[in-house]
Amino acid sequence: MKYTATILAATCFAALAGSASAADCAYNAEDPFDLEQSEVEALYDCVKDKMAEGYAKEGDEVGSVYRTWAVTATAPAVQGAHSKRALLTFANDIAAEQYLKFEEEGVVMPVGSVLAKESVTFSKKKKTARPGPLFIMTKVAAGEAPETNDWVYGGLQPNGKPMKFKQAFCHDCHTAWEDQDYLAYPVEDVRISN
């Protein structure tokens with residue numbers, strides 16, 4: 001089931017590509033999944049300042065403050081969800097306690113939970129890593145977004161401009177994690193332990 005969910009998410013998000021950035025950083029692997037964790041971390045370090053600066057550029061509330069929230073992993077990791085990107089998730093104060101339990105069944109996130117997932121995009125052709133989109137999930141009150149189980153999906157391009165997509169585009173992939181209140185977690189190797 002989890003493998004299928006990863007494939008679904010990769011398929012769903014393959015269409016969302018980050019735009020080029022001056023912070024491109026070279027790598028040598030044929031496939032991002034072939035990168036050693038230390039290489040992923042080095043590429044993240046290469047783009048992380050440009051990434052945060054870009055997300056905040058247009059003054060978006062989440063894009064401007066998410067780095068002050070709880071980080072949910074010890075490092076970014078390539079995991080398949082959101083295509084072949086390295087991901088690092090941050091949880092606001094309302095979300096952090098529940099999210100960091102990494103429970104797989106019966107999860108109910110509190111209203112007001114916001115998760116922001118940084119992404120590093122890898123260009124196979126150019127062999128570079130660059131900032132990808134910042135993916136954002138917000139839990140709203142029961143009944144406010146019934147078609148997406150009260151989650152509102154959003155995102156910022158690397159230049160801080162809002163992404164435009166239908167809510168179903170995200171939620172259709174997230175249904176693979178229904179028992180986790182539609183949330184995917186960082187890969188186990190890098191999860192913050194409680």
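The largest nonpolar core has 29 residues, and those with the most contacts inside it are Tyr66, Val120 and Phe122. The model is a predicted one. A search of the whole structure also finds six salt bridges, and three of these pairs are described below.

**Nonpolar cores**

- Tyrosine 66, one of the residues with the most contacts inside the core, touches Ala52, Tyr55, Phe90, Ala116, Glu118 and Leu134, when residues up to four places away in sequence are not counted.

**Salt bridge between glutamate 30 and lysine 127**

- The side chains of glutamate 30 and lysine 127 meet in a salt bridge, at 3.1 Å from N to O.
- This pair links distant parts of the chain, 97 residues apart: glutamate 30 is in the loop between β1 (25–26) and α2 (37–56), and lysine 127 is in the loop between β5 (114–123) and β6 (128–131).
- Glutamate 30 counts as exposed because its relative accessibility is 54%, and the exposed class begins over 50%.

**Salt bridge between glutamate 58 and lysine 161**

- Glutamate 58 forms a salt bridge with lysine 161, and the closest N and O atoms are 3.6 Å apart.
- Here too the pair links distant parts of the chain, 103 residues apart: glutamate 58 lies in the loop between α2 and α3 (61–65), and lysine 161 lies in the loop between β8 (151–156) and α5 (167–174).
- Glutamate 58 has 46% relative accessibility and therefore counts as partly exposed.
- Lysine 161 has 39% relative accessibility, so this residue counts as partly exposed.

**Salt bridge between lysine 139 and aspartate 181**

- Lysine 139 and aspartate 181 meet through their side chains in a salt bridge, at 3.1 Å from N to O.
- The two residues are 42 residues apart and link distant parts of the chain: lysine 139 belongs to strand β7 (residues 134–139), and aspartate 181 belongs to the segment after α5.
- Both lysine 139 and aspartate 181 are buried.

Terms used. Residues numbered from 1 in each chain as written. Predicted model: local features only at pLDDT ≥ 70, side-chain atom pairs only at ≥ 80, totals over all residues. Heavy atoms only, no water. Salt bridge = Lys/Arg side-chain N within 4 Å of Asp/Glu carboxyl O. Helix = DSSP H or I, 4+ residues; strand = E, 2+ residues; numbered from the N terminus. Buried < 20%, exposed > 50% of the residue type's maximum accessible area, 1.4 Å probe, protein only. Core = buried A, V, L, I, M, F, W, Y, C linked by side-chain atoms within 4.5 Å. Contact = heavy atoms within 4.5 Å.
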